[in-house]
Amino acid sequence: MSKTALITGASKGIGKELAFLLAEKGHDLVLVARSAEALKKIKIELEETCSVSVHTLVVDLCDAVSAQAVFDEVKKEGIDIDYLVNNAGFGDYNDEGKNHRHSRRHE
Ligand SMILES: NC(=O)c1ccc[n+]([C@@H]2O[C@H](COP(=O)([O-])OP(=O)(O)OC[C@H]3O[C@@H](n4cnc5c(N)ncnc54)[C@H](OP(=O)(O)O)[C@@H]3O)[C@@H](O)[C@H]2O)c1
């Protein structure tokens with residue numbers, strides 16, 4: 001039986017990569033980030049290629065009410081969350097001017 005994962009910060013970077021990995025394992029997803037267009041593209045690609053259900057939430061998690069908004073939306077949609085990947089944040093890490101970000105398969 002498929003499980004459902006909620007991933008914050010899923011529009012790019014590590015969160016996006018995890019979305020693809022979990023979808024490839026057949027898990028349904030709830031993807032959270034601020035970038036509506038990026039989330040929409042990921043949803044379309046994952047639903048087409050992995051035959052999973054992807055729900056997107058455009059939310060700024062810096063807002064004080066955002067966590068409640070995510071909870072309310074998930075509850076309203078009747079989605080049970082099995083896994084939480086609470087990943088949203090900043091991803092630029094530099095060491096002596098070098099950027100250590102890895103190239104990403106899905107960008
Ligand atoms: N990359 C590394 O080497 C590294 C190392 C240690 C820890 N981390 C941590 O791992 C996490 C992901 O890193 P990454 O390299 O994948 O980062 P990234 O490529 O910058 O992606 C960050 C993700 O978080 C989302 N996000 C940022 N602020 C948000 C907000 N206020 N509300 C909702 N979503 C927000 C972004 O989406 P939107 O812009 O669309 O909202 C994006 O999807 C971060 O928490 C970072 O601190 C990364």
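**Reading the elements and the core**

Author: The protein chain has three helices and six strands. The model is predicted.

Reader: In what order do the elements of the protein chain run from the N terminus on?

Author: The order is β-α-β-α-β-α-β-β-β.

Reader: Which residues have the most contacts inside the largest nonpolar core?

Author: In soluble globular proteins, nonpolar side chains tend to be buried together. Here the largest nonpolar core has 18 residues, and I7, A10, A19, L29, L31, V32 and L46 have the most contacts inside it. Two or more residues of this core come from each of β1 (4–8), α1 (13–24), β2 (28–33) and α2 (36–50). With five residues, β2 gives the largest share.

Reader: Which residues is A10 in contact with, leaving aside its neighbours within four places in sequence?

Author: For A10 the list is G15, K16, A19, L31, V32, A33, L39 and I42.

Reader: In which sense do β2 and β3 pair, parallel or antiparallel?

Author: The sense is parallel, over five bridges between β2 and β3, the strand of residues 54–58. Opposite V30 stands H55 in β3. Together with α2, the strands β2 and β3 make a right-handed β-α-β unit.

Reader: How many residues of helix α3 are buried?

Author: A residue counts as buried if 20 or more other C-beta atoms lie within 10 Å of its own. In α3 (residues 66–76) the count is zero among eleven residues, and the helix is hardly covered. Just after α3 comes G78, with a positive phi of about 70°.

Reader: What percentage of the residues in the protein chain is buried?

Author: Of the 107 residues in the protein chain, 23% are buried.

Key:
Residues are numbered from 1 along each chain as its sequence is written. This is a predicted model: local features need pLDDT of at least 70, side-chain atom pairs count only at pLDDT 80 or more; totals for chains, interfaces and linings use all residues. A nonpolar core is a set of buried Ala, Val, Leu, Ile, Met, Phe, Trp, Tyr and Cys residues joined through C-beta atoms within 7 Å. A residue is buried if 20 or more other C-beta atoms lie within 10 Å of its own, exposed if 12 or fewer, and partly exposed in between; C-beta atoms are placed from the backbone. Helices (H or I, at least four residues) and strands (E, at least two) are DSSP runs, numbered from the N terminus. Two residues are in contact if their C-beta atoms, placed from the backbone, lie within 7 Å. Two strands pair if DSSP finds at least two bridges between them. A crossover is right-handed if, with the strands pointing away from the viewer, the path from the first strand over the helix to the second runs clockwise.
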